[in-house]
Amino acid sequence: MLNNIFAKLRKQMTITYSLIFCLITTILVFATFSFIWWSILSIEKENFHAKVIHEGEEWISSKELPVNDTELNSGNTLAYFVEPDGKTVIVDQLGTLPVSRALIKCRKKWPTVSEQSKLIHFTDETGTKNRYLASVAIIKDNNQTIGTLYMFKSTRVYYATAENTLKFLSVLLALLFGFGNLISYYLSGKSIKPISDMYDKQLQFTADASHEMRTPLTVLKLSTESIATDEESKLSDFSKETLSMMTKEINRLTALTENLMTLARSDTNNLQINFTTFDFSSVMNKTIQQMQILANEKNIHLTSHIPEKLMLVGEQSSMKRLIILLVDNAIKYSPTSSKIDIDLAKKNKNIVLKISDEGEGISDDDKTKIFDRFYRVDKVRNRSNGGLGLGLSLAKAIVNEHNGKITVTDNPKGKGSVFTVILPAK
């Protein structure tokens, strides 16, 4: 389970690092691309406007047309020269192509004198999308306005280059993303290694300490039992009470030690669990009969609804311990003369166990922590009941080892809690 926790943490950190790296890289690459494209376009606008003025001056001096036949027939460059009234045409070099007719129809998109140059987009009658760099200039001769010259230049080559550049950048980004994932995986591993090492040492200490405590606790337990059963020893009432208290606390420490060892083995995936197919219904019935003796001390009635022959693949002793832990927890926190319902059913491919009590219930905040080790909802009452704060942690560890799920919800009857365990039947 511990390996799964850190593997999941490393995966989450890798994804986070990768997303951050990819986001920054993408922004930088496309910001750079946009800036270069904007810079090129700005320079082209200035150069093209200067060309319009130059072609206008050429026409004044030599009547040379602004566009040669090759450019005109291909539609790469077009020109339209009108007198100051905007109606009388001096030179019409828009040609007869579909793009030419589309240009005339979108006259409102042409640049004004104040704009000088702009990009215009339009679709011709064939459905082709066109992008032209358009520029306009007032042509004068000796301070006398001759007319207004409009020129249009296809940006097809520029956009084709931009598309090829984008494809190249996309491939580059994909390679960078792959490299970023590898770097992120490496960095996340380096980041969690100190935590993993510290946790390993903590688990090792817990396991070693628990193991070392077993022998002295066994000796103490045998010693107190020997004193208590020694017929020749004459103990006062105070000594007998003290001995009884010592025995009780030794039993608590023994149970705590065993639970800590079980949890330590669970964390390091060293729980020796032998899965077999067994009659879970039979185990439930026998265990509930044993727990009824404990429930009778508080006059609590255990009711069960257990269908026959529900088979489960798991470890029989672990499942018995799980039932004891959950029922014991319900008994501890149920008031006198209350009822505990135990329901077992098969739903689809899962076996569902529900244990409902009529206790004080658990707050929403405590529901998120109830399965944490040594966490107690009511620390004072828990200790007076003999609780160690490990029962539900052990229950969750057992459920996890069986690939199941355990949750706690409010009792729909209005008081108490419901612990639900979902286990795969196979």
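A salt bridge here is a side-chain nitrogen of Lys or Arg within 4 Å of a carboxyl oxygen of Asp or Glu. Keep that cut-off in mind for what follows.

This is a predicted model, where local features need pLDDT of at least 70, side-chain atom pairs count only at pLDDT 80 or more, and totals for chains, interfaces and linings use all residues. Residues are numbered from 1 along each chain as its sequence is written, and side-chain values use heavy atoms, with hydrogens and water left out.

The overview, then. The protein chain has 10 helices and 12 strands. Those are DSSP runs, numbered from the N terminus: H or I of at least four residues for helices, E of at least two for strands. Of its 426 residues, 37% count as buried. Buried means under 20% relative accessible area, exposed means over 50%, and partly exposed is in between, with a 1.4 Å probe and protein chains only. Now contacts, meaning heavy atoms within 4.5 Å. Take those between residues at least 6 apart in sequence: 66% of them join residues at least 24 apart.

Back to the salt bridges. How many are there by this rule? The count is 7.

Start with the network. Salt bridges link D364, K367 and D410. Within it, K367 and D364 meet at 3.3 Å, N to O. Both sit in helix α8, residues 364-367. They are 3 residues apart there, so about one helical turn separates them. Is K367 buried or exposed? K367 is buried, at 16% relative accessible area. D364, in contrast, is exposed at 57%.

Next, K332 and D328. Their side chains form a salt bridge at 3.2 Å, N to O. This pair lies in helix α7, residues 316-332. The two are 4 residues apart, so again about one helical turn lies between them. K332 is partly exposed, at 23% relative accessibility.

Now R101 and E125. Their closest N and O atoms are 2.6 Å apart. This bridge joins distant parts of the chain, 24 residues apart. R101 belongs to helix α3, residues 98-105. E125 is in the loop between β3 (117-123) and β4 (129-141). R101 is partly exposed at 36% relative accessible area. E125 is exposed at 53%.

On to helix packing. Helix α6, residues 280-296, packs against α7 at an angle of about 35°, with the axes 10 Å apart. For the convention: axes are lines fitted to C-alpha atoms, for helices over the stretch in contact, and angles run from 0 to 180 degrees between N-to-C directions. Which hand does the crossing have? α6 passes α7 in a right-handed crossing. Right-handed means the near helix is turned clockwise from the far one by less than a right angle; left-handed means anticlockwise.

Who touches whom? From α6, the contact residues include F280, V283, M284 and L294. From α7, they include M319, I323, V327 and D328. D328 is also the salt-bridge partner of K332. The contact of α6 with α7 divides into 11 nonpolar, 3 polar and 2 charged residues. In that count, Ala, Val, Leu, Ile, Met, Phe, Trp, Tyr, Cys and Pro are nonpolar, Asp, Glu, Lys and Arg are charged, and the others, Gly among them, are polar.

Aromatics next. The structure holds 9 aromatic pairs. Rings of Phe, Tyr and Trp (its six-membered ring) pair if their centres lie within 6.5 Å; planes under 30 degrees apart are stacked, over 60 edge-to-face, and the rest tilted.

W59 and F81 are edge-to-face: 5.3 Å centre to centre, 90° between the planes. They link distant parts of the chain, with W59 in helix α1 (residues 2-62) and F81 in strand β1 (residues 77-82), 22 residues apart. W59 is buried at 13% relative accessibility. F81 is buried too, at 1%.

W110 and Y150 are tilted: 5.0 Å centre to centre, 55° between the planes. W110 is in the loop between α3 and β3, and Y150 in strand β5 (residues 144-154), 40 residues apart. Both W110 and Y150 are buried. Ring pairs also tie them into a cluster with Y80 and F152.

Last stop, I422. This residue is in strand β12, residues 417-424. I422 is partly exposed, at 33% relative accessible area. What does I422 touch, leaving out residues up to four places away in sequence? The partners are N350, I351, V352, G404 and K405. N403 is 19 residues from I422 in sequence, and 9.0 Å away C-alpha to C-alpha.
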